[in-house]
Amino acid sequence: MNFEHLLYTYLIELGLSHNSSKYLNMLTLLVALLLLTVLVDFVLRKVLIQLFTQFTLKSKTNFDNLLVKNKAPRSIAHIIPLIIALELIPYVFIDFPYFENLVEKGLQVFAIILTLWIVRSFLNTLKDYFKTLNSLKDKPIDSYIQVFMIFAWLLGIMSAFAIITGIEFIKFITTIGAASAVIILIFKDTILGFVASIQVSINDMVRIGDWITFEKYGADGDVIEINLSTVKVQNFDKTITTIPTYALISDSFKNWRGMEISDGRRIKRALHIKLDSIKYLAKEEIEQLKKIESITTYLETRQEDIDTYNTNHNINKELLLNGRNLTNIGVFRKYIETHIENHSGINKDMMIMVRQLAPEAHGIPLEIYAFSSDKRWQNYEYIMADIFDHIIAAVPYFHLELFELPSNSSFVAPKKSSDA
């Protein structure tokens, strides 16, 4: 008597019908097989992971560490339970050939997926390992891995379809090739979206929750959905913009994720100073500016160096142009830099710079380049406004003027006093 019919025979002897006995026998064997495969999978997974972990501690290379990191042992552990299931399925469904065929095809498809998982784990391990080598870390390893994985997935998908449909693999490929022109024509957008989705995912170009700016489509907000054909962006005015997925790889857009995960958000804005307000500072003006506490030490040290230089070189200072001098724009630039360095909302570990750009029709730009420590939009704008409020108000103290286009009031003559 075969073991697969032990329960069936026993149930028949108890007086159950043939159909009921067959179904109960099949269900019992199926539950037993599931328990066996889950148990074997659990034990093998624990043993393999433990062995790999111990081996990595003794090994001098980090390749095995990367195998564990990319979950290669976990995927390999599924092989033995899968083989056991494939071998025992015919016994479980001995009286149900139709179910046996379905389950076997399902397991064969899973075997293909498992193979792809293992291949992906090894390729990711190779990629991470090659990046640690000086001779290969500047090579486009990612591109090679991605191309190989795309072909591997295509081969796996076609193999799975061949198994499900029951068509020989060669015939299936031939049929697909003959119908490819029609398929491409009908499903052009879907294929483009599918390829774009793969590239977006592999290259980690966009994630749900990312803030992106896509000027071509008028999108400026957070990504709320990514699917095969479209990417949905919720703009800051709460409107929804839909972008074709393939546009993410064919057009240029800005992803603000780098700013959000960094230590600060950039402030880059300029003041335009009128050229005719720039001048050398006389000693009396320098003494007046020394009352500004944040630059007192700077002015004293700088003036001492300049006086020493001019004295040593017998410079005639009857004319300010001779020798070395302080300018009001130079002192103002130092004042801005000091003010920003002392501002509580600025990240002191990132670049802080006040630079003078090329003169233009609107005057000479003094650009502030720094990073706010708070990246939240509302707080960022407050920090930037607070800095510029102070700096704009400080401009007259340095005998400078901001450039401003004339308005109607610029051409109105001042009213005469009634006492005149």
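Visitor: Which strands does helix α14 lie across?
Guide: Helix α14 (residues 328–341) lies across β6, β7 and β8, and runs at about 15° to β8. Angles like that go from 0 to 180 degrees between N-to-C directions, with axes being lines fitted to C-alpha atoms, for helices over the stretch in contact. Helices (H or I, at least four residues) and strands (E, at least two) are DSSP runs numbered from the N terminus.

Visitor: What sort of model is it, and how is the numbering done?
Guide: This is a predicted model, where local features need pLDDT of at least 70 and side-chain atom pairs count only at pLDDT 80 or more, while totals for chains, interfaces and linings use all residues. Residues are numbered from 1 along each chain as its sequence is written, and side-chain values use heavy atoms, with hydrogens and water left out.

Visitor: Back to that sheet, what's the strand order?
Guide: The order is β6-β8-β7 in an open sheet of 3 strands, with antiparallel pairing. Strands count as paired if DSSP finds at least two bridges between them. The edge strands are β6 (265–273) and β7 (353–356), each pairing on one side only. On average, neighbouring strands here are turned by 20° against each other, direction ignored.

Visitor: How many bridges join β6 to β8?
Guide: There are 9 bridges between β6 and strand β8 (residues 364–372), which run antiparallel. Arg 269 stands opposite Ile 368 in β8. Helix α15 (residues 377–394) also packs on the sheet, where α15 touches β6 and β8 and makes about 25° with the direction of β6. Touching means contact, that is, heavy atoms within 4.5 Å.

Visitor: New topic. Where does UniProt put the "transmembrane region" features?
Guide: The unreviewed UniProt entry places them at residues 23–44, 76–94, 106–123, 144–163 and 169–187. Those annotations may be inferred rather than shown by experiment. In the model, residues 23–44 are 100% helix and 0% strand, with the end C-alpha atoms 31 Å apart. Residues 76–94 come out at 79% helix and 0% strand, and their end C-alpha atoms lie 29 Å apart.

Visitor: How does α2 pack against α5?
Guide: Helix α2 (residues 18–58) and α5 pack at an angle of about 170°, with axes 9 Å apart. So α2 is roughly antiparallel to α5, a label used for angles over 145 degrees. Among the residues meeting there are Leu 33, Thr 37 and Asp 41 in α2, and Ile 84, Leu 88 and Tyr 91 in α5.

Visitor: Last one: what joins β2 to β3?
Guide: A hairpin does, through 3 residues. Strand β2 (residues 219–226) and strand β3 (residues 230–235) pair in the antiparallel sense over 5 bridges, and Val 231 in β3 is the bridge partner of Ile 226. β3 and β4 form a hairpin too, with 4 residues between them, and Lys 238 in that turn has a positive phi of about 75°.

Definitions and conventions: Parallel < 35°, antiparallel > 145°, perpendicular 65-115°, else oblique.
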